[in-house]
Number of protein chains: 2
Amino acid sequence: MSEVYGSIDLGGTYIKCAFGDAEGQLLHTETTPTDSHTGPEGVLGRMAALVRMIEAETDLKPLALGIGIPGLVNLREGSTRFLPNFPTQWRDVPVREILVPSLECPVYLLNDVRTATLGELTFGHGSDNCTMAFFSIGTGIGGGVVVDGKLRLGSLGAAGELGHYTILPDGPLCGCGNRGCLETLASGPALCAAGVRLVRSGLAPILHEIAGGDLTLVTPRTMAEAAAGGDKRVEEEILRAAHFLGIGVANVVTTLYPDLVVLGGGVVQIGDLLLKTVRETVEERIGMFPVDEIEIKLSRLGNNAGILGGIALAMKRGLLDD
Amino acid sequence: MSEVYGSIDLGGTYIKCAFGDAEGQLLHTETTPTDSHTGPEGVLGRMAALVRMIEAETDLKPLALGIGIPGLVNLREGSTRFLPNFPTQWRDVPVREILVPSLECPVYLLNDVRTATLGELTFGHGSDNCTMAFFSIGTGIGGGVVVDGKLRLGSLGAAGELGHYTILPDGPLCGCGNRGCLETLASGPALCAAGVRLVRSGLAPILHEIAGGDLTLVTPRTMAEAAAGGDKRVEEEILRAAHFLGIGVANVVTTLYPDLVVLGGGVVQIGDLLLKTVRETVEERIGMFPVDEIEIKLSRLGNNAGILGGIALAMKRGLLDD
């Protein structure tokens, strides 16, 4: 048995906890509702309980625990700073200080998408010394940037907030207060909004049929199905979102000329249509410069990028040595 | 006398050559017309003649020569690849191979704005291990990116082409083939085009008076004068360009959270109006994330960034050890 590490992915709806080894093999996973209305105390209590549950079931003790947090954190102190989708009482919660006494192992915090980037770097498409950008396209768009094998952190670990590139200066209002962020144009909700408009306008008959008139069933996945089934307008909206995503990818390529750009998160289940358009857009937008050697790929870890990132974070001692 | 290095800045109009020491003191500078119509042979001959002229006048021999090239180069081979504003015969010119035998010292090539970035890093606002972005705003907009004290190169040294961020996806056509590049919106020519339109439309009386009806005198500098003198529309155009530049700066901040962003090139002579708007735009576009600690400054080297960069390039052995 190689060394065992613990990982927690704190989401708005669920807390996911897993133990894994240094080769990225997940040994045991448990999930419980977040119930963020119970406050930091309740949520941190459930986190600790998950870890203890897995300890009991596996008879293993993790060497360290890495936690992906949906917001900005203070890496050195292991505390939260600003969690946009959690109540304000989540500001400056000393997570490490609270969890270490009961868990009796080091606890490290990092933004969730930077954590997923670390997962992809360590166990996915990444390689030693690679320069890589990771986009996670889901309810929001997050990102992470790796330069020469090292995750870029910047102040409060905010480097790599790639979903907040301004793509349309006068575009839709973003949760961050800006207009026209990539997130407002290519996230899951942005795509679904376009789908809902088409269904309501009677312009997406196949999507309407797939959703059976239930607008909650208008999702990136059903939209991809409808596009494949012949809904031209739905396909156009997917291409439009992918084009904006491609401009975001072009931004990071222009800045760094990475070896690799990885697209992850739920929305990439759309698959080839998305990837093809992103590649074409990069070529179209900066093809005068050498972009042939830059690989643009879908995440190798899929839904596990975040939880495996927590394992990597624990292994790398919270990046505090970097 | 400390060690002496040589530097050449190859421009579309002039070739500038200087010797300098490892402290960034320029010892002697000479300039001659580029006359690019005489082809690589003629231009390289004039380059070598400038070096020999300074050798004769100073009785000094440079340890190495760094050359800033307005385009993409092959760093390892010391040859040109693609020079957008020079005739096509400038493709794949083996500059090092041609110059080394007659100059009898190592010769290193790098893109001109990456060279200026190296100058700012070594002799200007930069510091060891800093993370820095440099924008040069002139006839075009070039850039350079330094991560942890190291200039990012990427394939063919194309990393840092910050003037080719797509800012308006459907904006004006750029020389690179894309639409809405930062360069089309905030370069000297972009600004002057807006000034000329205002003068011709009778909307910029003060600028009209300053230029005395001569449209070639509509420059970023006279526009700044006219704005200060009360031409509101001219001021608005300057603010608009500065706003787009601010979005470009926000892009690089989002990606890397650098310590420092430096603005150089002729257009920054506009001064405070530009700098203030860039800062406000960064705050407005990504102020939800921590940007307080990021310094945004005008170049400390001014017009000498490029030539001092050549000295730094020679000192750093063409970055070939990186």
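The structure is a predicted model, in which local features need pLDDT of at least 70 and side-chain atom pairs count only at pLDDT 80 or more, whereas totals for chains, interfaces and linings use all residues. Residues are numbered from 1 along each chain as its sequence is written, chains are lettered from A in the order in which they are written, and side-chain values use heavy atoms, with hydrogens and water left out.

The buried area, that is, the accessible area (1.4 Å probe) lost by two parts on being put together and summed over both, is about 3,600 Å², with carbon and sulfur atoms giving 62%. Of the area that chain A buries against chain B, 18% is supplied by A:T255, A:R285 and A:M288, more than by any other three residues.

Four salt bridges (a side-chain nitrogen of Lys or Arg within 4 Å of a carboxyl oxygen of Asp or Glu) are counted between chain A and chain B. One salt bridge pairs B:D148 with A:K150, their closest N and O atoms being 3.5 Å apart.

A polar atom of the A:T184 side chain lies 2.7 Å from the backbone oxygen of A:C181. Residues up to four places away in sequence not counted, A:T184 touches A:P172, A:L173, A:C174 and A:A190.

Terms used
Polar contact = N/O pair within 3.5 Å; in protein donor to acceptor, adjacent residues only side chain to side chain. Contact = heavy atoms within 4.5 Å.
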